[in-house]
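Subject: Handing over the structure

Dear colleague,

I am passing this structure on to you, and I would be glad if you could look it over before reading my notes. The sequence and the coordinates are shown just here.

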Amino acid sequence: MTLFKQIYSLLFGLFVLVMSSLVYFQFTETRDFMAHQMESELNNTTTSLSLMLKPHLQTGDIAAVETLVNVIFEGGFYRKVNLTWLADQKQQSWENPIVVEGVPQWFIDLGLFEVKTKESLIQSGWLQLAKLKIEAHPGLGYRELWRVMNDTLLIISFLFLLSIFVLHFHLKHLLKPLHDIASHASNISQRVFNPDMDLPATAELRVVVKAINSMSGQLKQVFQTLDDEVDSLKHDNLVDRVSNLPNRQYLTGQVTSWLTDPGYGGLLLAKLDWLNEVHSKYGYQVRDESIRVLAFRMTEQLPDVAECVIARISNTEFAFLITKGDHQKMASYLQALIRLINQEMFKAGCMPNSDFAIGITERNDEMTPSELLAQADNALQQALIDNKTSSWFNSHCQHEFNREEWRKRLLTAINHNQFVFQWQPILQMDSGEVLQRELYCRLNIDGQQVKAGQFMPYVELLSLGSQLDRCLLESLISQNILDLNKEPVAVNLTQDSLLDPTFHSWLAHFLQNTISAEQIYIEITESSASNNPHESSQLASIVRRYGAHFGIDHCGRQMGSLSYLQQLKPDYVKLDQSLSVYSNNQQNNELCRALINIGKGLSIDVIITAIENQQQLDRIKPLRAQGYQGYISSPEDVINNSGDHLS
């Protein structure tokens, strides 16, 4: 029972007790008063009647006696009059049938009043004339008692209803701070820190509100400190101090992580020897300022051309990892970069289109990080040898299909559910039990199995992501994949699905009509979550509303704040694979530890990815994450109960 109801019930009980006491007191007082009043009137009537009968008794006028008795009956509540003539012992008796109007019979039958009688001896001097006996009727008492109690109950009922009404709203007003405290405390438990509550007028509640505000501020400061700690660790270990761009270590981790997932794009390496000329002419301070201005211009303009990571990897070398871009977009990016460099060279007093070179390579299937970096470096060296501003690495590989051919084949494979499924277990850190399984798929295209790394770039280029995700989720049910194991199954959605309102509606309907929705884990990437907070929040709300679970993949890949975690509150996050690359020294271990602490503070499970061997697992166990994933437990084919591969 709520505090409001408890106080309400207590006051209600006390009020009923007080009102009942008042009613009882009024009832007994009125009854006693009326009994005394009727007795007094009986005495007066007996005395008066005796005096009036005396002369008529002396003369023996019986008619006059009867007239006087009838007058008594008409003037009051008297039931019976007995008159005994003492001269001859003759008795006369008169009875009066009385009906008490306006009083229910059950009330009269309660017998609240005793029947009163009064005897009187009528004398004339020493001569005794007659004996008079009058029996009163309690009707007057019942009538007055009924009227008084009716009026009393009516007034008390009105006061009762008025008091309940006033009490209800007054209690609500008094206890509103408690409701606000409960709501504020509930939000704190959900790691939502609202502005401090206003102090109430009640002294006791002011103390509680002050304590809640203080606790909220301290917890908010703790989480802010953890977030700042992550930013600080990233800045100290992964950021170049001069340009404030990511450094070589960060670039290496990003390349490694990017190449492990399906994608398309490429790498540009730029060597800007004109910065050495600025150094020799004006000193290192002017050179460093030129680098800072150049870096600022790069981060301001180039991401608008293509999604990219910009890093300074040595004194005069910069790297540009284009994470989403076909050949045409990369060419546009190259032209924008050359134009920007020439503008800064002109400002620095250097000759444009000289003293710099750029090498470009595109990502190919099954490419390793070292191969990508080597190809970009080869292209850069070729540009320097040829004295050109740029050079493309010639991989001598031609795409099997053009864009429209890919569209046709992908639509055929997706619409006909030509999937071949694999899944990889995510294991509990301490026990090694399976927490969930992440679902992967290949497509049967022209009779061959095509890996996600080959077709996913074209799925993104052709905006087929939401269509692919729908078919994948429908296959979970149609092929009974959820029934093959007791563990939940995780599906990583594309950005197309996140940004597609019709997919949100479809997903809500799908989950609502899925019996085992709690076994479905929906994931999106960190970049999608941080760049599209509104859509991510809507998707997370839909997923939770129908019993499924929500997760964030590639957590920690971005250089920005992790405040999106507090807004989305995912059930779990998977740390980016680049963090496993960073975890070779104590400082980088602290970065992972800080990310895990943020997860624990927000009640979010943390899963470390890219664990490839037992030695690496032993190294990350002290970080006390909830789970781990990687080729230490490699993906397996999804096989049904008949032993067939699901496709």
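What follows is an account of what was found, going from the whole chain to single residues.

Please keep in mind throughout that this is a predicted model.

The chain as a whole

The protein chain contains 21 helices and 19 strands. Its C-alpha trace spans about 165 × 70 × 45 Å along the principal axes, and the radius of gyration of the chain is 48 Å, whereas a compact globule of 647 residues would have one near 26 Å. Of the 647 residues in the protein chain, 46% are buried, and the accessible surface of the chain comes to about 32900 Å², with 52% of that area belonging to carbon and sulfur atoms.

Salt bridges

The structure holds 22 salt bridges, of which I describe some here. In general, side chains of opposite charge can pair when their charged atoms come close.

One of the salt bridges joins Glu95 to Lys80, with the closest N and O atoms 3.9 Å apart. Because Glu95 lies in strand 2 (residues 90-95) and Lys80 in strand 1 (residues 78-85), this pair ties together parts that are 15 residues apart in sequence. Glu95 is exposed, at a relative accessible area of 59%, while Lys80 counts as partly exposed, at 26%.

Another is formed by the side chains of Arg147 and Asp151, at 3.5 Å from N to O. These two residues are 4 residues apart in helix 4 (residues 139-189), so about one helical turn separates Arg147 from Asp151. An α-helix has 3.6 residues a turn, so residues three or four places apart point the same way. Arg147 is partly exposed, with a relative accessible area of 42%, and Asp151 is partly exposed as well, with 37%. The pair also belongs to a network of salt bridges that links Arg143, Glu144, Arg147 and Asp151.

In helix 11 (residues 403-415), Arg407 and Glu404 lie 3 residues apart, about one turn of the helix, and their side chains meet in a salt bridge of 3.5 Å, N to O. Arg407 is partly exposed, its relative accessible area being 30%.

Not counting residues up to four places away in sequence, Arg409 touches Phe401, Ile445 and Asp446. Between Arg409 and Gln614 there are 41 Å in space, C-alpha to C-alpha, and the two are 205 residues apart in sequence.

Which residues of helix 12 (residues 452-461) are buried? They are Phe455, Met456, Pro457, Tyr458 and Val459. What covers these buried residues includes helix 11, strand 11 (434-445), strand 12 (448-450), helix 13 (465-478) and helix 14 (495-499).

Two residues with positive phi

Most residues other than glycine have a negative phi. Ser463, however, has a positive phi of about 55 degrees although it is not a glycine, and its place is in the loop between helix 12 and helix 13. Asp355 likewise has a positive phi, near 60 degrees, and is a residue other than glycine. Asp355 lies in the loop between helix 9 (327-347) and strand 8 (356-362), where it counts as partly exposed at 41% relative accessibility.

Lastly, Glu612 is found in the loop between strand 17 (605-608) and helix 21 (614-620). Is Glu612 buried or exposed? Glu612 is exposed, because its relative accessible area of 53% lies above the cut-off of over 50% for that class. Leaving aside its neighbours within four places in sequence, Glu612 is in contact with Tyr631 and Ile632. Glu612 and Ser48, by comparison, are 564 residues apart in sequence and 121 Å apart in space, C-alpha to C-alpha.

Definitions and conventions:
Residues numbered from 1 in each chain as written. Predicted model: local features only at pLDDT ≥ 70, side-chain atom pairs only at ≥ 80, totals over all residues. Heavy atoms only, no water. Buried < 20%, exposed > 50% of the residue type's maximum accessible area, 1.4 Å probe, protein only. Contact = heavy atoms within 4.5 Å. Salt bridge = Lys/Arg side-chain N within 4 Å of Asp/Glu carboxyl O. Rg over C-alpha atoms; globule rule 2.2 N^0.38 Å. Areas by Shrake-Rupley, 256 points an atom, 1.4 Å probe, with all protein chains shown as cover.
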